[in-house]
Amino acid sequence: MKKKEMERIVIDKKDIDNIEEDIIIRRGIERYMYARQFVYGHVLDIACGEGYGSYLMSKNPDVTKITAFDKSEQAVANANKNFSKDNIKFVVGVPETVEGKFDFLVSLETVEHLSEPDVLKEMALRCHIPEIIISFPSKKTTHYNKYHMWDFTKEDMLRLFREYECCRVYDIHDSTIMNFVKIERNGYTLPKRYWKNAAMLF
């Protein structure tokens, strides 16, 4: 690849396709690195894929354990092969089958794939999860991505997780990341000054 000629970038289709793929991978990693700074305790990583995100989050010293679910047996096998660690457990499963108690739910670029998005909220309530980080595409994708069933907005997420309060919103590239909390967290009530009114976030 000849990168520059005068002020023009000289590039072919193969180079473009390779760069595009690299950007997609890096953005997936970047979303998990953003979530990593907030997670703590026993983390539930739903739709963990190949497991790289669980591995990244496990580096946070505030994390004691990560239980990571994915519906793909092959993805879980790859995760166990490539990202196995003492404080990570990779499991084949879907939101409807998850049981237990967790401190934090991470669900990145997953909700738009679900035929019934409510299963995420029901899982969070069933497992008594006090804090959630969720991400979804910030643009319309259903017209070109056959795996995406929904085009969500921030307001849709506020309605979906109405039992929680949104305390943080971060737009990164073509994704939106939202942080939801229960007002009562870890047995004490958080002072209201720490949590902005959700309406002020948009």
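Me: Leaving aside neighbours within four places in sequence, what is Ser-58 in contact with?
Reply: Ser-58 is in contact with Val-63, Ile-66, Lys-85, Asn-87 and Ile-88, where contact means heavy atoms within 4.5 Å. This is a predicted model, where local features need pLDDT of at least 70, side-chain atom pairs count only at pLDDT 80 or more, and totals for chains, interfaces and linings use all residues. Residues are numbered from 1 along each chain as its sequence is written, and side-chain values use heavy atoms, with hydrogens and water left out.

Me: OK, and where is Ser-58 in the chain?
Reply: Ser-58 sits in the loop between helix H2 (52–57) and strand S4 (63–70). Helices (H or I, at least four residues) and strands (E, at least two) are DSSP runs, numbered from the N terminus.

Me: Is Ser-58 buried or exposed?
Reply: Ser-58 is buried, because its relative accessible area is 6%. Buried means under 20% relative accessible area, exposed is over 50%, and partly exposed is in between (1.4 Å probe, protein chains only).

Me: Switching topic: how many salt bridges does the structure hold?
Reply: There are 9 salt bridges, each a side-chain nitrogen of Lys or Arg within 4 Å of a carboxyl oxygen of Asp or Glu. One of them joins Arg-31 to Glu-109, with the closest N and O atoms 3.9 Å apart. That pair links distant parts of the chain, 78 residues apart: Arg-31 is in helix H1 (residues 13–36), and Glu-109 is in the loop between strand S6 (104–108) and helix H4 (118–126).

Me: Are Arg-31 and Glu-109 buried or exposed?
Reply: Both Arg-31 and Glu-109 are buried.

Me: What does Arg-126 form a salt bridge with?
Reply: Arg-126 pairs with Glu-99, and their closest N and O atoms are 3.6 Å apart. Arg-126 lies in helix H4 and Glu-99 in the loop between strand S5 (88–92) and S6, so this bridge ties together parts that are 27 residues apart in sequence. Arg-126 is partly exposed at 31% relative accessible area, whereas Glu-99 is exposed at 53%.

Me: Which residues are linked in a network of salt bridges?
Reply: Arg-27, Lys-139 and Asp-174 are linked that way.

Me: Now the sheet. What order do its strands have?
Reply: The sheet is open, with 7 strands in the order S5-S4-S3-S6-S7-S9-S8 and mixed pairing. Two strands pair if DSSP finds at least two bridges between them. S5 and S8 are the edge strands, each pairing on one side only.

Me: How many bridges join S6 to S7?
Reply: S6 and strand S7 (residues 131–137) run parallel and are joined by 5 bridges. Ser-107 has Ile-134 in S7 as its bridge partner.

Me: Ile-134, noted. Which residues have the most contacts inside the largest nonpolar core?
Reply: They are Ile-134, Met-157, Phe-161 and Phe-180, in a core of 25 residues. A nonpolar core is a set of buried Ala, Val, Leu, Ile, Met, Phe, Trp, Tyr and Cys residues joined through side-chain atoms within 4.5 Å. S3, H4, S7, H5 and S9 each supply at least two residues of this core, and H4 gives the most, with 4 residues.

Me: What is Ile-134 in contact with, leaving aside its neighbours within four places in sequence?
Reply: Its contacts include Ser-107, Leu-120, Met-157, Phe-161 and Phe-180.

Me: And which residues are in the second core?
Reply: The second core is separate and has 22 residues, including Cys-48, Ile-66, Ile-88 and Val-106. Ile-66 and Ile-88 are also in contact with Ser-58.
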